[in-house]
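Please examine the sequence and the structure shown below before reading the report.

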Amino acid sequence: MSEKLSEQESWYVCSLVVQAKPEKLEEVKAEILNIPYTEIHGEKPEEGKLVVTIESNVHLALSDRIDQVRDIKGVIVVSLISNYIDEQ
């Protein structure tokens with residue numbers, strides 16, 4: 001699975017809201033940041049909420065990465081907010 005973007009490839013981006021147990025939030029954030037091409041853009045620590053984006057040039061990689069987030073210990077629910085395809 002290639003992650004380098006060439007001029008002929010499409011790039012896929014999705015945004016998520018991740019709800020985690022507030023007491024596990026720091027561990028959840030660390031695990032999310034270990035997933036390639038994944039960033040945290042905002043948080044509400046008192047509610048355990050994170051705004052996350054995931055990027056890839058392989059569409060199926062997004063669902064695999066969403067599953068990785070969902071499987072992190074302390075995560076309650078992952079909600080897909082948007083999905084964007086940048087077609088070259």
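## Basis of the report

This is a predicted model, in which local features need pLDDT of at least 70 and side-chain atom pairs count only at pLDDT 80 or more, while totals for chains, interfaces and linings use all residues. Residues are numbered from 1 along each chain as its sequence is written, and side-chain values use heavy atoms, with hydrogens and water left out.

## Helix α1

Helices (H or I, at least four residues) and strands (E, at least two) are DSSP runs, numbered from the N terminus. Helix α1 spans residues 25–33, and its residues Leu25, Val28, Lys29 and Ile32 are buried (under 20% relative accessible area, with a 1.4 Å probe and protein chains only). These residues lie on the same side of α1 because they cover an arc of only 100 degrees around the axis, taken from the directions from the helix axis to the C-beta atoms.

The buried residues of α1 pack against β1 (11–20), β2 (38–44), β3 (49–56), α2 (59–70) and β4 (75–86).

## The nonpolar core

A nonpolar core is a set of buried Ala, Val, Leu, Ile, Met, Phe, Trp, Tyr and Cys residues joined through side-chain atoms within 4.5 Å. The largest one has 18 residues, and Leu16, Val18, Ile32 and Ile54 have the most contacts inside it. Its largest share, 5 residues, comes from β1.

## Gly48

Gly48 lies in the loop between β2 and β3 and is buried, with a relative accessible area of 0%. Beyond its neighbours within four places in sequence, Gly48 is in contact (heavy atoms within 4.5 Å) with Val18, Gln19, Ala20, Pro22 and Leu25.

Terms used: Buried < 20%, exposed > 50% of the residue type's maximum accessible area, 1.4 Å probe, protein only.
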